Amino acid sequence: MKRYDLIVVGAGPAGLSAAVEAAKYGLKVVVFDENANPGGQLFKQVHKFFGSKEHKAKIRGFRIGSQLLEEANQFGVEVILNATVAGLFQDKEVTVRINDSIQHYKGDAILIATGAAENMVPFKGWTLPGVIGAGAAQTMMNLHGIVPGQKILMLGSGNVGLVVSYQLLQAGCEVVALVDAASKIGGYGVHAAKLARTGVPFYLSHTIIKAEGTDCVTGVTIGEVNKAWQVIPGTEKHFDVDSICMAVGLSPMAQLLKMAGCVMEDNPKKGGQVPVCNAYGETSIRGVFAAGDVSGVEEASSAMIEGRIAGIAAAEYLGYIDKVTLSDKVGELESALNSLRQGMFALENRGKCIEKTEEGYDVSLHLLQKGYFQEQEVANYPGVTVQRGVHAVIECSQNIPCNPCQDACPKHCIKIGERITSLPVVDENAGCSGCGMCVAACSGQAIFLVNEDYENGYASVTLPYEFLPLPEKGERGWALDRSGSKVCTAEVVKVQTSPAFDCTNLLTIKVPVAMAMKARFFREGSCHAECE
Amino acid sequence: MNSRIEEHPILGKIEKGRRVTFWYDDKKLEGCEGEPIAAALKAAGVMVHRHTQKYGAPRGIFCAIGRCTDCVMVVDGKPNIRTCITPLAEGMTVQTQYGVSAKCANKAEGMA
């Protein structure tokens, strides 16, 4: 039986972060993971993260994964892959299945960071090939370079459903509809808006009635639900699809902790059955810690901080550092963690209907039901101003912990302030230079540069563009509004790419002045006689 | 219908292992070495991996991370192999699984 100071189960964001911190203080650490590669879900996440600098905001998930692996290497963390931890027993003994044998290990401290598993919704035909989890779609396209289908329906409007739908578009698939039984979109409005403006229709208060097909999915029927979640007859809608993706929540994989005898609680806000932990992630069993989604479903940014806290706490538990060092080190991390847990999407607000922002602005019901603002609503928010010349228009309406736009602007036009959940305010007197740094920095792709004085009778709109093929300067096509409807013809007048933008290209289109506050996306395509 | 992403707006050119051939039931297919068997099958247009024991219902990829076991097939004669996490190798024999076995032996090795 091999011994380690700390045994970590799960080489995802929480587990690796914990291992790195513990190793920094000299603990002998091993990390087991059942997968062939470390990093958990980070390497499938091609979008830019939210938060602030300390949370690695505006960095794409897979790049954060690489940084974390580098750090683990640097501190000599041993990671054993294809190793499934099958049991956690008395005195911190674990059994690990490696190949076809079971091996015993003993730790002086244990950290469980096994993450969460996807939930499913059963409906008629849900076992047909072609019905997959949203995580499966993400794995196939972003890790293995295979699209899960050509025409896809997404069930679930939480951040996973929204983000994976967008990634499906980026991989070249068509998302025919985004469906949720809830009456409002569950994820960030900005994630919904970037889908809606490409033309993806949202069906809230709808559910899947059946998946069609004999050997695999060939279609799907959805229907509207009433307040009792029953399908209203006559509201059925059919779509031809070859895939149905489910993004209906995650459940913590806490079986090992339960098996070890940790005190558990049923907490729907945390995603199900989770261990009862103290502020350091220590469970009811001294020296057994939990971090990341296994102790409450959140996202990777908070999982990494929780992991670091637990790693440091394990070092203190084993006497590598004293209590003073512990509270010093953890204090900073806790405030970083707390700032991520603020705002409308904070744990305590889950399931609540929030009508006003912290600042008192109305939350757009249209955004929450259709995925986009009505035009007259946009001007209400502090990021939207009317100015001469080029200026940023920030269509950010929810209190989300995120502030890279503030740091990105070299002219200090954008102010969020101390509270990172505050809505960005555009300062009309700061003098926007039109550099576009804010457009590329916004993880929610909610910032546009608008210039209503571009040319006589014409305005320019600069928008973030993360699709292929990248349109070229001089190309003509359609300007789409926030709902994805064609509103006018448009000409691409500038295309900017830069390492600083990290794959978010800046497309500047020329549209009639009246369209400056309508045009929010560009679609290539000839416009024949219609445009003249 | 091409399921392979050649170039991705964020990930760039998708790098894969060398092209190898493998047996899928009695067909010879191509895939990329080291990618999950399920990915190679998907790229070749195969959706059905197995049929259930009781009802013969078709099943395919579901979770793609080795948890749900819906995608299991008979690989090199061994049943219940999770094709979504098992890397493809040159000359592999991959058979549709009926219940817990391949329906009939084919010409490939390992099916004594």
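The legends below describe close-up views of a predicted model.

**Figure 1. Packing of helices α4 and α5 in chain A**. Helix α4(A) covers residues 159-170 and helix α5(A) covers residues 189-196. Their axes come within 9 Å and cross at roughly 30 degrees. Angles under 35 degrees count as roughly parallel, and α4(A) and α5(A) are therefore described as roughly parallel to each other. The crossing in which α4(A) passes α5(A) is left-handed. On the α4(A) side the contact is made by Asn159(A), Leu162(A), Val163(A), Ser165(A), Tyr166(A) and Leu169(A). The α5(A) side contributes His191(A), Ala192(A), Lys194(A) and Leu195(A). Sorted by class, the contact of α4(A) with α5(A) has six nonpolar, three polar and one charged residues.

**Figure 2. Packing of helices α7 and α8 in chain A**. Helix α7(A) spans residues 300-317, and helix α8(A) spans residues 323-340. The two pack at an angle of about 170 degrees, and their axes are 10 Å apart. Angles over 145 degrees count as roughly antiparallel, so α7(A) is roughly antiparallel to α8(A). From α7(A), the contact includes Ser301(A), Ser302(A), Ile305(A), Glu306(A), Arg308(A), Ile309(A), Ile312(A), Ala313(A) and Glu316(A). From α8(A), the residues in the contact are Lys323(A), Leu326(A), Lys329(A), Val330(A), Leu333(A), Glu334(A), Ala336(A), Leu337(A) and Leu340(A). The contact of α7(A) with α8(A) divides into ten nonpolar, two polar and six charged residues.

**Figure 3. Helix α3 of chain A, a mostly covered helix**. Helix α3(A) consists of residues 134-143, and nine of its ten residues are buried. The buried residues of α3(A) are Ala134(A), Gly135(A), Ala136(A), Ala137(A), Gln138(A), Thr139(A), Met140(A), Met141(A) and Asn142(A). Gly145(A) follows α3(A) and has a positive phi, near 65 degrees.

**Figure 4. Ser460(A) in strand β24**. Strand β24 of chain A runs over residues 458-465 and holds Ser460(A). The relative accessibility of Ser460(A) is 6%, so Ser460(A) counts as buried. With neighbours within four places in sequence left aside, Ser460(A) is in contact with Leu449(A), Val450(A), Asn451(A), Tyr454(A), Thr508(A) and Ile509(A).

**Figure 5. Asn37(A) in the loop between β2 and α2**. In chain A, β2 covers 29-32 and α2 covers 61-74, with Asn37(A) in the loop between them. The relative accessibility of Asn37(A) is 55%, so Asn37(A) counts as exposed. Asn37(A) and Val79(A) are 42 residues apart in sequence, and their C-alpha atoms are 9.7 Å apart in space.

**Figure 6. The fold of chain B**. Chain B has one helix and eleven strands. Along the sequence these elements follow the pattern β-β-β-β-α-β-β-β-β-β-β-β. The radius of gyration of chain B is 14 Å, close to the 13 Å that the globule rule gives for 112 residues, so chain B is as compact as a globular protein of that length. Taken along the principal axes, the C-alpha atoms of chain B fill a box of roughly 45 × 25 × 25 Å. Of the 112 residues in chain B, 50% are buried. Among contacts in chain B between residues at least 6 apart in sequence, those joining residues at least 24 apart make up 41%.

Key: Residues numbered from 1 in each chain as written. Chains lettered and ligands numbered in written order. Predicted model: local features only at pLDDT ≥ 70, side-chain atom pairs only at ≥ 80, totals over all residues. Heavy atoms only, no water. Axes fitted to C-alpha atoms, helices over the stretch in contact; angles between N-to-C directions. Helix = DSSP H or I, 4+ residues; strand = E, 2+ residues; numbered from the N terminus. Parallel < 35°, antiparallel > 145°, perpendicular 65-115°, else oblique. Left-handed = near helix turned anticlockwise from the far one by under 90°. Contact = heavy atoms within 4.5 Å. Nonpolar A, V, L, I, M, F, W, Y, C, P; charged D, E, K, R; others polar. Rg over C-alpha atoms; globule rule 2.2 N^0.38 Å. Buried < 20%, exposed > 50% of the residue type's maximum accessible area, 1.4 Å probe, protein only.
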